[in-house]
Amino acid sequence: MSLYNFLYLSSIIFTLGVIGVLVRRNVLIVLMSIELMLNAVNLNLIVFSKLWGNVVGQVFTVFVITVAAAETAVGLAIVVAIYRHKDTVNIDEVNILKW
Amino acid sequence: MSTKSLIYVSFLPEIILGAFALLIMCVDPFLKKREKVFSTIISIFAIVVAFISNLLFLSRDASLITFNGMIYFDFYSNLLRGLFLLIGFLVSLFAFKYIEREDLFPGEFSSLLLFALIGMDLMAISANLIMTFIGLEILSMSTYILAGFKRKNLKSNESALKYFILGGVSSAILLYGISFLYGFTGTLSYRGIANVLSKGSGFIGSPLLFLGMGMILVGFGFKIALAPFHVWTPDVYEGAPTVVSGFMSVGPKAAGYAALLRIVFQIFPFTLPLWRELFVYSAILTMLIGNLGAIIQKNVKRLLGYSSIAHAGYMLLGIIAADVMGMSGIIFYLFAYLFMNLGAFGVISIFEGKGEKFVTIDDYRGIGFKYPQLTFPLSIFLLSLAGIPLTAGFVGKFVLFGAALMENHMGLVLIAILASLISVYYYLKVIVYMFMKSPIIEGEEIEVRYSGVALFSVLVCAFFVLYLGLFPSYLLNLSKEAVVFLGI
């Protein structure tokens, strides 16, 4: 199996992530979709790292994982703060700021 | 200087900021409520020390790559670091009274501000896409939290959520672009990628490279609020605490431009024609949407949000011109924009009163001659934002538009001038409401309470807006000296 198949796989995962962000209304699922996008990037980086035979991509992957974890922590904190006000995690109901 | 000490010297301001940010986090829990001001003072002290260390170790004639090829140590880094530290300094002065009035947490605020400054610095000085990404994320994550800093205010929460989701998506897209670039060249250092790309022009049509470039543009376009990616800006600025909105309107924008300039001119100088077209359309859209959107706004914070979109568009003209004049115009404009916009947000943060009650233009009726010490500086800031002569905004626009004109972008410059004519309307509207309309009789009126510190920083901003408008040559020369290191 060629390594290029992994690139197709990662692009499919990334697209699914984008669709998830656009379509799903639950904040938690949106967060998971963002995670999906970041993991598609990780897969991409590792494949390219293997292709080029250097470790730069793998090092970057470690950074991306770290950042993704931190980002999720911040995101969940914001979601909790909203949930305390509105008792909902539905994005459509968070709409007092517009135009 | 030995190489070992050079590594630390080139990175000293960030080390200082980081150390003090951690110190604040350690000290703050042990302070009593009355003593909390202490942590704000520490953060101001840290920023001053970092600024001095930045001044002490300038690198005016050589561009060095230190920290194992991770950061550039050149005058461009020095100058932009100075810009960021100035932003941090003014924001913490404005925050002094604001945090106390709104009953927020000074310790967390100041340490997050310092972390954001570190992130901005890293974006401007990085020589490697890994470092750029880390800097971007440090900055973004601090600003997500700062935007939602009023934990008990639904508006603030909402703005944080919006900023967070869109920011998360945009940084994922940016990363995907970086991964393609890595796949194309096999390296992530700016110089390495530029070397690979300079070897042949056959690359330019390659879809992988095009995807990578485009996605990187999306990521930075989000940070600096360029047109198709600007949607979050007004909402986030309206909801976030006013001081933070002020910071977000100048900080991440300046950092985004600093990093974008490095990326465009140090990685992709050979593919500039490809970028230029994208930039031209984006600039036109950005200027029109920003200015037309601002016309109908009633909320002053939201109005400045739209106007900040427009200003991002003006600055893009410098990149499109792509010569020394355009580049130095961007850096000059970043300085001018820092003083005028931060000053305007500072005055708004004083006028709005506890709980941000008075933020619509109608609230500003008839306060002009009641509080001249604040309304006159605000008028100066607004006139400068509109680009009236004798102010810094005018000189900045003049340089940027002139640079674009010299590279034969006639139509673009015409649109830019029309756009800034539109902007005169809504900036003057605020001034007219302040000085020429009588206040509505019933209802509450603005009651101004401010600290001497806030007034001092408003006056400093006003002074520099006028100073840069009258004597721009010193800063322009510095910017020219700095952009030479981008290798244009």
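**View 1. Area buried between the two chains.** Chain B and chain A bury about 3,700 Å² between them, 78% of it on carbon and sulfur atoms; buried area is the accessible area (1.4 Å probe) that two parts lose on being put together, summed over both. On the chain B side, Phe164(B), Tyr176(B) and Tyr182(B) lose the most area to chain A, together 19% of what that side buries. This is a predicted model, in which local features need pLDDT of at least 70 and side-chain atom pairs count only at pLDDT 80 or more, while totals for chains, interfaces and linings use all residues. Side-chain values use heavy atoms, with hydrogens and water left out.

**View 2. Contacts across the interface.** Contact (heavy atoms within 4.5 Å) links 43 residues of chain B with 41 residues of chain A. Between the chains there are zero salt bridges, a salt bridge being a side-chain nitrogen of Lys or Arg within 4 Å of a carboxyl oxygen of Asp or Glu. Eleven residue pairs, both at pLDDT 80 or more, are in polar contact across the interface. A polar contact is a pair of N or O atoms within 3.5 Å; within protein, one must be able to donate a hydrogen and the other to accept it, and residues adjacent in sequence count only if both atoms are side-chain atoms.

**View 3. The start and end of helix H2(A).** Helices are DSSP runs (H or I, at least four residues), numbered from the N terminus. At the start of H2(A), a side-chain oxygen of Asn26(A) reaches to within 2.9 Å of the backbone nitrogen of Leu28(A). Just after H2(A), Gly53(A) has a positive phi of about 70°.

Terms used: Residues are numbered from 1 along each chain as its sequence is written. Chains are lettered from A and ligands numbered from 1 in the order in which they are written. Helices (H or I, at least four residues) and strands (E, at least two) are DSSP runs, numbered from the N terminus.
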